[in-house]
Amino acid sequence: MRWLLICILWSSNVVAQNVLSNPNPPNPESFKVFLTSTDKQLHMGGCYVISSMTTAMVYKRTNDKRKSMLIGFGTGIALGVAKELYDIKYGNPELADIAADVIGSGLGVICISITF
């Protein structure tokens with residue numbers, strides 16, 4: 001559980017560094033803009049659903065909480081990174097999208113693991 005919280009904090013740090021590394025002065029509204037961005041909400045929501053479903057299905061089959069959390073989190077992140085790799089050629093890749101994927105995957109795993 002600690003590694004999951006560390007990943008969520010790391011992704012929040014990545015977002016903060018992206019916001020603060022802009023040549024413009026830091027805007028306190030930038031994190032609010034990140035959270036209200038439709039694209040970031042879709043990334044968080046998609047990875048939340050994927051990781052929570054995967055975590056629940058693996059736990060149902062194995063009854064191993066740690067294994068189900070690792071596989072659920074890993075699946076959410078892997079699909080989020082795969083989407084960003086696809087965006088390199090056909091879209092607009094952003095590091096903030098991966099941060100949103102980490103946040104969504106982490107929340108999905110945490111919410112499901114509470115019920116174990």
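Helix α3 (residues 38-62) contributes the most to a nonpolar surface patch, with three residues. Helices here are DSSP runs of H or I with at least four residues, and strands are runs of E with at least two, numbered from the N terminus. The patch consists of Tyr-48, Val-49, Met-53 and Leu-107, and together these residues have about 350 Å² of accessible area. Accessible areas come from the Shrake-Rupley method with a 1.4 Å probe, and for residues only the protein chains shown count as cover. Patches are made of residues with over 30% relative accessible area and no salt bridge; like charges are joined within 9 Å, and nonpolar side chains (Val, Leu, Ile, Met, Phe, Trp, Tyr) within 5 Å. A salt bridge is a side-chain nitrogen of Lys or Arg within 4 Å of a carboxyl oxygen of Asp or Glu.

The model is predicted: local features need pLDDT of at least 70, side-chain atom pairs count only at pLDDT 80 or more, and totals for chains, interfaces and linings use all residues. Residues are numbered from 1 along each chain as its sequence is written, and side-chain values use heavy atoms, with hydrogens and water left out.

The protein chain contains five helices and zero strands, in the order α-α-α-α-α along the sequence. Of its 116 residues, 34% are buried. A residue is buried under 20% relative accessible area, exposed over 50%, and partly exposed in between (1.4 Å probe, protein chains only). The chain exposes about 7,200 Å², of which carbon and sulfur atoms supply 66%. Of the contacts (heavy atoms within 4.5 Å) between residues at least 6 apart in sequence, 73% join residues at least 24 apart.

Two further residues of helix α3 were examined. Val-49 is located in α3 and counts as partly exposed because its relative accessibility is 41%. Met-57 also lies in helix α3, but counts as exposed because its relative accessibility is 54%. The C-alpha atoms of Met-57 and Gly-72 are separated by 8.9 Å, and the two residues are 15 apart along the chain.

Asn-63 is found in the loop between α3 and α4 (65-90). Its phi is positive, about 55°, although Asn-63 is not a glycine. Most residues other than glycine have a negative phi. Asn-63 counts as exposed, since its relative accessibility is 59%.

Helices α3 and α5 pack at an angle of about 35°, and their axes are 7 Å apart. Axes are lines fitted to C-alpha atoms, for helices over the stretch in contact, and angles run from 0 to 180 degrees between N-to-C directions. The crossing of α3 past α5 is right-handed; a crossing is right-handed if the near helix is turned clockwise from the far one by less than a right angle, and left-handed if anticlockwise. Residues of α3 that meet α5 include His-43, Met-44 and Tyr-48, and those on the α5 side include Asp-97, Ala-100 and Leu-107.

Asp-97, in helix α5, is buried because its relative accessible area is 1%. Not counting residues up to four places away in sequence, Asp-97 touches Asp-39, Lys-40, His-43, Glu-84 and Asn-92.

Pro-93 sits in the loop between α4 and α5 (95-114). With a relative accessible area of 37%, Pro-93 is partly exposed. Residues up to four places away in sequence aside, Pro-93 touches Glu-84, Asp-87 and Ile-88. Pro-93 and Val-81 are 12 residues apart in sequence, and their C-alpha atoms are 9.9 Å apart in space.
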